Amino acid sequence: MCETKNLCLWLVQLVYILGLLAFCLWLAVHPRSPAYSIIKFSVPLTNHNNGSSHGRIEYELDIKNPNRDSCILYYDTFLTFYYGEDKVGNKTIPCFYQGRNREKSEIHRLIDQMDVETRLWTDLRKEIMNASAELRVDLSTKIVYYTWGIKSKQQGINREGKIRIGKDGMILNNKEVKLRRASKKWKL
């Protein structure tokens, strides 16, 4: 009777230790999602001083790989800016590969610009002059992780954020805008 209790106790401890080791291994291997931030955003002053019927916005997007052991392959990334419910402009970032860096996070910086839809430019320009303009940015892409030579399944990523623009046409208070997971609650 005593030997059966000891054997059962020993088996329970073994299963517990194996489960704990499996969980730790899963945490070590499981990659984290990349972080997206808009570092700089501007509507050049020349655009809203000359009263033209179209404009251009400039932005700087940082994509950070927080994983020390995983590389990431990004398929085409779609970046769209909205003013209210209207689309201001969109950009397709071609696919790229982001390596890993064992000392710090690997950062991919994209500096680009896009033309603003002509019918929205006058309304947006007026709002910027009143220092109350707010744009919404949506980002969607698909990624694949490479961890220790093992390729993961393709995963979809959707991020969004709000950019508040000051009178100078720049991000209000020069704060970077972190793009967060898209809320399913507000999607139509």
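**View 1. C8 and C95, two cysteines in a predicted model.** C8 is partly exposed, with a relative accessible area of 45%. C95 is also partly exposed, at 49%. Partly exposed means between two limits: buried is under 20% relative accessible area and exposed is over 50% (1.4 Å probe, protein chains only). The structure holds zero disulfides. A disulfide would need a pair of cysteine sulfur atoms within 2.5 Å. This is a predicted model, in which local features need pLDDT of at least 70 and side-chain atom pairs count only at pLDDT 80 or more, while totals for chains, interfaces and linings use all residues. Residues are numbered from 1 along each chain as its sequence is written, and side-chain values use heavy atoms, with hydrogens and water left out.

**View 2. The protein chain as a whole.** The chain has three helices and 11 strands. Helices (H or I, at least four residues) and strands (E, at least two) are DSSP runs, numbered from the N terminus. In sequence order, the pattern reads α-β-α-β-β-β-β-β-β-α-β-β-β-β. The chain has 188 residues, and 36% of them count as buried. Its accessible surface is about 12200 Å², with 55% belonging to carbon and sulfur atoms. That area comes from the Shrake-Rupley method with a 1.4 Å probe; for residues, only the protein chains shown count as cover. Take the contacts with a separation of 6 or more: 68% of them are between residues 24 or more positions apart. Contact here means heavy atoms within 4.5 Å.

**View 3. F41 and F81, a tilted ring pair.** The structure holds four aromatic pairs. In one of them, the ring centres of F41 and F81 are 5.5 Å apart and the planes meet at 45°, so the pair is tilted. The pair links distant parts of the chain: F41 is in strand β1 (residues 35-42) and F81 is in strand β4 (residues 77-83), 40 residues apart. Rings of Phe, Tyr and Trp (its six-membered ring) pair if their centres lie within 6.5 Å; planes under 30 degrees apart are stacked, over 60 edge-to-face, and the rest tilted. F41 is buried, at 1% relative accessible area. F81 is buried too, at 0%. Ring pairs join F41, Y59 and F81 into a cluster.

View 4. Y146 is partly exposed, at 25% relative accessibility.

**View 5. R136 over the ring of Y82.** The charged end of R136 sits over the Y82 ring, 4.3 Å from its centre. The rule asks for NZ of Lys or CZ of Arg within 6 Å of the ring centre and within 35 degrees of the ring normal.

View 6. T147 lies in strand β8 (residues 133-147). T147 is buried, at 8% relative accessible area. A polar contact of 2.6 Å joins the side chains of T147 and S70. Such a contact is a pair of N or O atoms within 3.5 Å; within protein, one must be able to donate a hydrogen and the other to accept it, and residues adjacent in sequence count only if both atoms are side-chain atoms. W148 lies in the loop between β8 and β9 (150-151). W148 is partly exposed, at 49%. W148 has a positive phi of about 55°, although it is not a glycine.
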